[in-house]
Structure formats: structure tokens, C-alpha cells
Protein chains: 2
Amino acid sequence: MAGVTTAAADSADEPGTDVAPATADVASAAADERPATRGGTGSRGGPTEGGDERPRRARGEQTRQLILETALRLFRERGYTETTMRAIAKEAGVAVGNAYYYFDSKEHLIQGFYDRNQAAHRVAAEPVLTREKDFAARLRGVLHAGIDVNEPYHSFAATFFKSAAEPSSPLSPFSRESSPAREAAIAIFRDVVEGSSAKIDPELRKELPELLWLGWMGVVLFWVYDRSPGQRRTRRLIDGIVPLIDRLVGLSRLRVLRPALRQILALIDSIQRDD
Amino acid sequence: MAGVTTAAADSADEPGTDVAPATADVASAAADERPATRGGTGSRGGPTEGGDERPRRARGEQTRQLILETALRLFRERGYTETTMRAIAKEAGVAVGNAYYYFDSKEHLIQGFYDRNQAAHRVAAEPVLTREKDFAARLRGVLHAGIDVNEPYHSFAATFFKSAAEPSSPLSPFSRESSPAREAAIAIFRDVVEGSSAKIDPELRKELPELLWLGWMGVVLFWVYDRSPGQRRTRRLIDGIVPLIDRLVGLSRLRVLRPALRQILALIDSIQRDD
DNA sequence: CGTCTCTCTTGAACACGTTCAACAACGGGT
DNA sequence: ACCCGTTGTTGAACGTGTTCAAGAGAGACG
């Protein structure tokens with residue numbers, strides 16, 4: 001577990017600099033008029049909107065990292081709710097207000113944890129994806145790798161999962177703010193599909209990565225609720241459900257089932273759309 | 001939608017007086033040593049453990065109802081997070097500490113809301129269950145009824161859903177504390193199955209109510225995240241998925257699919273067990 | 001050197017959920 | 001009457017996440 005965590009630690013640079021719109025109104029009732037925090041989670045990168053890469057504003061980046069580092073360490077040591085913002089600030093040697101200059105809220109500190117585990121999952125899945133060619137083996141390996149990566153954090157993952165569950169929260173896996181992480185996660189499952197030797201119906205193939213990611217979210221949900229020692233029930237769920245998915249995917253090419261498949265895909269499409 | 005809400009409003013009396021065990025340890029990590037609050041959410045009914053029905057301790061029950069009533073009203077009017085405990089106390093004309101005498105926390109006030117909507121779902125499902133005999137029609141009607149009942153509360157349901165998501169929370173649908181409500185909900189789906197004209201594999205029939213409830217939880221999850229106007233995507237989901245379930249259930253009696261069904265049921269069983 | 005404009009930093013202050021020691025009200029038991 | 005235990009009630013106080021007006025630091029320009 002230490003190896004994976006370390007591997008993730010030095011890949012601190014962010015994927016893309018997607019500029020999130022300033023109007024982040026999520027149709028909530030509260031009056032949200034905050035000025036988007038200079039070094040905010042999703043919007044750091046190019047300051048003054050110019051794509052300048054010169055380290056002019058790099059001074060604060062150090063503080064930012066320091067706060068994040070300290071926070072994640074304390075979360076791991078004491079748990080999420082037990083770690084106060086004052087403790088983080090004190091431990092990092094800054095004022096409490098300073099943390100709020102870089103992070104909109106305590107929850108936003110979790111986004112860092114989020115990103116890291118995402119990267120760690122990618123790393124842990126790599127060997128499986130190069131070794132295995134069978135679809136079921138690939139899927140199974142990737143799912144287990146995901147659990148491996150998250151296992152050390154199960155106890156406090158359950159705590160902060162609470163935050164992720166709120167739809168309006170930026171931590172929600174479906175939110176716009178975590179869309180880069182989501183895309184990265186889906187990319188893993190795209191690899192699972194495309195690198196596999198399985199013959200898959202082309203229409204299904206297109207949608208499959210996203211569906212597998214959704215299934216993975218389901219597994220994570222189960223895992224969060226899983227109180228069995230070592231979360232072995234989750235392991236059992238994976239081992240049991242992968243062959244079923246494999247069989248279903250294999251069946252997708254049968255002529256007789258074509259209409260049924262079409263119907264299901266159409267349903268998914270009509271639900272995703274919002275017209 | 002107003003009709004349903006009204007129907008739910010005056011059925012303020014609770015279903016049964018199921019005595020929950022006083023030791024409400026949910027195997028959490030935190031040190032939970034609170035003395036279980038005299039008039040606690042699940043343990044009202046017979047005081048002093050004797051099944052005495054005389055209204056000896058009925059004095060406080062009035063205050064309890066007053067606080068709950070006021071709280072739910074304010075939640076509806078202002079939203080959950082916007083409603084402070086101080087506001088509830090003030091509006092109810094009691095001290096803030098008094099609310100904590102009857103309810104362990106602000107979240108526990110939601111349990112009352114929970115119970116009510118559960119009962120309202122039952123009521124709203126009744127006409128469908130007496131009218132329809134076809135399995136798909138019954139299921140569809142019950143699901144839509146559930147959404148009908150919850151619709152007026154969608155905006156703040158999303159907020160408090162956050163609480164329910166935390167596994168250790170008593171509000172979690174899987175927690176021991178909400179097991180009466182869960183059983184009541186499953187009972188509805190048992191009605192759906194048993195009153196239907198559909199021929200169902202007996203082994204599946206036994207597990208089906210719980211599975212349908214689980215599916216219902218999934219629908220609710222989707223509904224919470226559904227931002228489409230009137231949550232019509234959820235409606236579409238229901239209309240689309242019910243025929244699929246119906247077809248699958250019908251297929252369950254086919255001889256060829258027997259082994260597959262067995263396998264799935266065995267998987268579910270092995271996951272539920274924790275050995 | 002002075003001044004202006006950014007980025008960055010501070011810590012007191014606020015509102016909130018929750019706790020707790022104290023007290024009031026009631027209902028027997030003697 | 002008196003006491004006593006239980007039930008019910010109070011409001012100040014604590015610790016928390018978060019905000020904000022104020023200022024420090026560093027460069028740019030004159």
C-alpha cells in the first residue's frame with residue numbers, strides 16, 4: 001500500500017487546465033456570491049487568464065502544497081472529522097484564513113486526495129492492462145486494483161463519502177468540478193475494453209467504458225458500506241459479478257438479442273439527455 | 001402533488017411501537033457513549049420497559065411532537081441547512097437544549113420526515129395495488145407513487161441525503177435504526193410480487209421483494225441527483241426499466257436459464273453473508 | 001525613493017451544532 | 001408535610017467551519 005501511495009505522491013501536477021466558468025450556481029437556494037478564491041481547486045494554472053507558464057505567481061503554490069500535504073497527513077492520522085482547520089493551519093505554520101485563500105472549504109481539501117487515488121488507480125491498473133488480454137481478466141484486475149488503492153483509507157473514506165454524496169457538492173463524482181477526474185477514470189475502463197480480445201457489439205462498445213465506470217461507482221458505493229474485515233465482501237462481489245458482465249457482453253453480439261440491446265441503449269440515452 | 005402531501009400530513013400517528021434495542025452501537029470507530037436520550041427516535045412507546053400503555057410519560061410526548069412539527073415545517077419553508085436549531089427552538093417556544101432532550105441531533109429530526117414519507121408511500125401505493133394485477137403495472141405504479149410522494153421535498157431531500165449517505169449514520173437506509181422503515185418499504189414490494197398475476201420462479205420470488213427495494217433505492221439515488229425539471233428523467237428511467245425487469249422476471253422460469261439464475265442468487269447470498 | 005497594484009497572510013469575529021450543570025415540575029412513598 | 005427519584009427544561013458555554021477587514025510583501029513604473 002505504501003508503494004502505490006508514494007507513486008501517486010510525486011505526480012502532483014494537474015492534468016489539464018480546464019477553465020471552469022465563474023458562475024457556479026448550482027440552483028441552490030443559498031446566496032452564493034463568493035469571488036471564486038484566487039488559487040481555487042479547479043482554476044489554478046494560468047493566472048490573469050494568459051496562458052503564461054512563467055513562475056510568476058508560483059510563490060503561493062508552495063504554501064498551497066504545504067497546506068494540502070499537511071491536511072492529507074492529518075486526515076490519515078486522525079481521521080477527517082477529527083482534524084480541525086485550526087489544527088491543519090497550526091501544523092502547517094500558517095493562519096487559518098490562509099487555508100481558505102487556497103481552498104474554498106474543508107471539503108475541497110479532499111479533492112486532492114481524490115486526484116491522488118485516481119492517479120494511483122491508473123498506476124496500479126497498468127500491469128494488469130499490459131499483461132492480460134481477456135476482457136474478464138482485465139476488468140477484474142482493474143476493479144481489484146481500485147480497491148487495493150483505496151483500502152488503506154476505508155475508514156475515513158466512509159466519512160468523507162458523505163460529502164461526495166451531496167449532488168450539489170463539487171466532490172460529487174458527477175459534478176462539473178470533478179469531471180477531469182471522472183474522465184480519467186473512464187479512460188481506464190476504455191483501456192479495459194479496447195485492449196481486450198473480446199468481440200463486442202460495436203454500439204455497445206462505444207458506451208461500455210462509461211457503463212463500466214458507473215458499475216465501478218456502484219462497487220465503490222458497496223465498498224464504502226462494506227463493514228466486513230478487509231472488505232472481503234466487496235472482493236467477492238467483484239469476483240462474482242465480473243463473469244456475469246463478461247457473459248452479457250459476449251451475448252451482445254447475438255442476433256436475437258440485438259433488439260433488446262438496442263432498447264437498453266436507447267433507454268440509457270434517453271435518460272442521459274434532458275430534453 | 002398537493003393531495004399526496006395532505007394525505008401524508010394528517011397520518012401523524014406512527015405505525016407500530018417496535019421496541020428498538022437500547023444499545024445502538026453501529027460498530028463505529030468513534031467513542032459513542034451517550035445515554036440514549038430519554039425520548040429517542042426509535043425507542044418511544046413503552047417507558048420503564050414495562051408494556052404499560054397508561055399515559056404516564058405522555059407529558060413530554062407533546063413537546064416532542066411540537067418540536068418535530070416545527071422542525072419539519074421550517075425545513076420545508078427554508079430548507080434543511082438554512083434552518084438552525086435555535087430557530088426551531090425559538091419557533092416552538094422552547095429552549096434549544098430541549099430539542100436535544102428528544103432528538104440526539106439535528107439529523108435525527110429527519111428520521112421523522114423519513115417515517116412519514118414511508119407511510120405516505122404506502123398510502124399512495126394502495127390504490128395501484130388493489131387495482132392492478134399485472135406485475136409490471138404494479139411495479140410501475142408503486143415506483144411512480146414513491147416519486148409522487150417525495151417530489152415536493154426534492155430540493156431539500158438532496159441536502160439531507162448527504163446525511164443518509166454516511167454508512168455509520170442512523171439515517172442510512174441500511175442502518176439498524178432505520179430497519180423498521182426499511183422493512184415497511186420492503187413489505188410494499190412484497191405486496192407488488194405476491195399480488196401479481198405473474199408466474200415467477202419460486203426461488204426468485206422469495207428474494208424479489210428485497211431486490212426490488214434495492215432497485216428502488218437506486219431509483220431514489222438517481223432521483224436525488226436528477227436536476228431535470230420535475231425530475232422527468234427519473235420518470236423516464238422508471239418507465240424504461242420496469243418492462244426490462246418484467247421481462248427478466250418472466251424469463252426466470254425458463255429451464256435453460258435456471259443455472260444462471262441460481263448462480264446470481266448464490267452470488268447475492270454470498271455477498272450478504274459475512275463469513 | 002515613493003507609490004500603486006497585485007498576491008498573499010493574518011487573526012479576530014460570526015453563526016452554527018452540540019453539551020452540560022443546574023434547576024423546575026411532577027408523582028409517589030413514608 | 002416532607003423527601004426523593006424521575007422527567008422535563010433552561011441557557012450559557014464550547015468547539016467547529018467559515019468570513020472579512022486589515023495589513024504585509026513584492027515587484028513595476030515613474
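Which residue's side chain does a polar contact of 2.7 Å join to that of B:Asn150? The tour returns to this question after the overall assembly.

This is a predicted model, in which local features need pLDDT of at least 70, side-chain atom pairs count only at pLDDT 80 or more, and totals for chains, interfaces and linings use all residues. Residues are numbered from 1 along each chain as its sequence is written, chains are lettered from A and ligands numbered from 1 in the order in which they are written, and side-chain values use heavy atoms, with hydrogens and water left out.

**Stop 1: both chains**

Display chain A and chain B together. A rotation of 180 degrees, with 0.0 Å of shift along its axis, places chain A on chain B with an RMSD of 0.1 Å; this is the relation of a two-fold axis. The superposition is by least squares on the C-alpha atoms of residues with pLDDT of at least 70 in both copies.

**Stop 2: the interface**

Select the residues in contact (heavy atoms within 4.5 Å): 39 residues of chain A meet 40 residues of chain B. Of the interface residues of chain A, 97% are also interface residues in chain B, so the copies meet through the same surface. The two chains bury about 3300 Å² between them, 55% of it on carbon and sulfur atoms. Buried area here is the accessible area (1.4 Å probe) that two parts lose on being put together, summed over both.

Next, colour four helices of chain A: H7 (154-165), H9 (202-225), H10 (232-251) and H11 (258-272) each supply at least two residues of the side that touches chain B. Helices are DSSP runs (H or I, at least four residues), numbered from the N terminus. H10(A) gives the largest share of that side, eight residues.

**Stop 3: B:Asn150**

Move to helix H6 (residues 135-150) of chain B, where B:Asn150 is located. At 18% relative accessibility, B:Asn150 counts as buried (under 20% relative accessible area, 1.4 Å probe, protein chains only). The opening question is answered by B:Asn117, whose side chain is in polar contact with that of B:Asn150 at 2.7 Å. A polar contact is a pair of N or O atoms within 3.5 Å; within protein, one must be able to donate a hydrogen and the other to accept it, and residues adjacent in sequence count only if both atoms are side-chain atoms. Leaving aside neighbours within four places in sequence, B:Asn150 is in contact with B:Asn117, B:Trp216 and B:Trp223.

**Stop 4: helix H3 of chain A**

Finally, select residues 85-92 of chain A, helix H3, where the buried residues include A:Met85, A:Ala87, A:Ile88, A:Ala89 and A:Ala92. Just after H3(A), A:Gly93 has a positive phi of about 75 degrees.

Notes
Buried < 20%, exposed > 50% of the residue type's maximum accessible area, 1.4 Å probe, protein only.
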